[in-house]
Amino acid sequence: MWKKKEKKREEKEEDLLKELCGDDAKLYDFLGRTLYLDPMAAISKKDLELLIEEAEKSIKDGNYEEAIRKYRVVVEKAIFEATQNPEERGRYIKVIQDLASKIMHATEKAKEKAEKEGLTDHAASLEKNIEHYKFVSKRIDDVVNVAAHFYNEKLAMLGDVDRREARREKIRAMETEATRESRGEAERREARREVRKEMGSEARREAEKEEKRVEERGEEQREARREKIRAMEGEEIQEALGDKERQQARRKKRREARRKELE
């Protein structure tokens, strides 16, 4: 079941990216390899400067393959930060273009080494990586524009998911408490029954009358809990419908913004 849900979720993300990229296969190919379904969890928490320093150290050490991997992490983070800080878009674009240049340089070095070692397939793969980042440098505006739409929608959807899960957790907690309380009531009822067995006739009759009142109050409390849970479940349904409406509104706004960007 989990695998089916995960597959369906990934298909939705692919649909979103396809919607944003349109017929631009190269843009779709690059962003499909670069963007994350959950950017807050996947993207490095380290500062850009520190990540760049780590990649540059690998260059100094002559470990170009490692440098390529590290620079790729920096590019992914820089793209995300560019989408979340539109007022600094220009600065981030320069950073990304500089990183793309550094990746191409490191890749050229790695390619030369691969060719010397006779690793022709790997050298060909590295050549594709160079073309990959030439494209990024040339189409940086489109890269950031599409990434911004994608990540803003993803973060909004993740927020919806978090809110739904918080509501469901609250309902589960209430149901657990109701079950625990019912068990406690059953235990107390049995204890009172045992006490009544030791009573005289008159006292037992009075105790049974009190037991009936206790049961009635208990049922009223149980019904109040059930009603509260039903109300929360109703709110959950309404919130889910609201999430869907908000998602549709974002989609309409996103399509309009993307259309203007392409004009």
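Me: How many salt bridges does the structure hold?
Reply: This is a predicted model, by the way. The structure holds 39 salt bridges.

Me: What makes Glu-19 and Arg-255 a salt bridge?
Reply: The closest N and O atoms of Glu-19 and Arg-255 are 3.8 Å apart, and the cut-off is within 4 Å, so the pair counts as a salt bridge. The pair links distant parts of the chain: Glu-19 belongs to helix H1 (residues 2-21), Arg-255 to helix H9 (residues 201-262), and they are 236 residues apart.

Me: Why are Glu-19 and Arg-255 called partly exposed?
Reply: The label covers what lies between buried, under 20%, and exposed, over 50%. Glu-19 has a relative accessible area of 26%, so it is partly exposed. Arg-255 has 45%, so it is partly exposed too.

Me: How do you know that Glu-54 forms a salt bridge with Lys-46?
Reply: Their closest N and O atoms are 3.0 Å apart, and the limit is 4 Å, so the salt bridge label holds.

Me: What separates Lys-77 and Glu-81 in helix H5?
Reply: Being 4 residues apart in helix H5 (residues 64-84), Lys-77 and Glu-81 are separated by about one helical turn. Their side chains meet in a salt bridge at 3.2 Å, N to O. Both Lys-77 and Glu-81 are buried, which means under 20% relative accessible area for each.

Me: Why is Val-74 called buried?
Reply: Val-74, also found in helix H5, has 0% relative accessibility, and the limit is under 20%, so Val-74 counts as buried. Leaving aside its neighbours within four places in sequence, Val-74 is in contact with Leu-48, Leu-51, Ile-52 and Leu-99. For a sense of scale, the C-alpha atoms of Val-74 and Glu-190 are separated by 66 Å, at 116 residues apart along the chain.

Me: Why are H4 and H5 called roughly antiparallel?
Reply: The axes of helix H4 (residues 48-60) and H5 cross at roughly 160° and come within 8 Å. The label needs an angle over 145 degrees, so H4 and H5 are roughly antiparallel. The crossing of H4 and H5 is left-handed. Residues making the contact include Leu-48, Leu-51 and Ile-52 of H4, and Val-73, Val-74 and Ala-78 of H5. By class, the contact of H4 with H5 has 11 nonpolar, 1 polar and 6 charged residues.

Methods. Residues are numbered from 1 along each chain as its sequence is written. This is a predicted model: local features need pLDDT of at least 70, side-chain atom pairs count only at pLDDT 80 or more; totals for chains, interfaces and linings use all residues. Side-chain values use heavy atoms; hydrogens and water are left out. Helices (H or I, at least four residues) and strands (E, at least two) are DSSP runs, numbered from the N terminus. Buried means under 20% relative accessible area, exposed over 50%, partly exposed in between (1.4 Å probe, protein chains only). Contact means heavy atoms within 4.5 Å. Axes are lines fitted to C-alpha atoms, for helices over the stretch in contact, and angles run from 0 to 180 degrees between N-to-C directions. Angles under 35 degrees count as roughly parallel, over 145 as roughly antiparallel, 65 to 115 as roughly perpendicular and the rest as oblique. A crossing is left-handed if the near helix is turned anticlockwise from the far one by less than a right angle, and right-handed if clockwise. Ala, Val, Leu, Ile, Met, Phe, Trp, Tyr, Cys and Pro count as nonpolar, Asp, Glu, Lys and Arg as charged, and the others, Gly among them, as polar.
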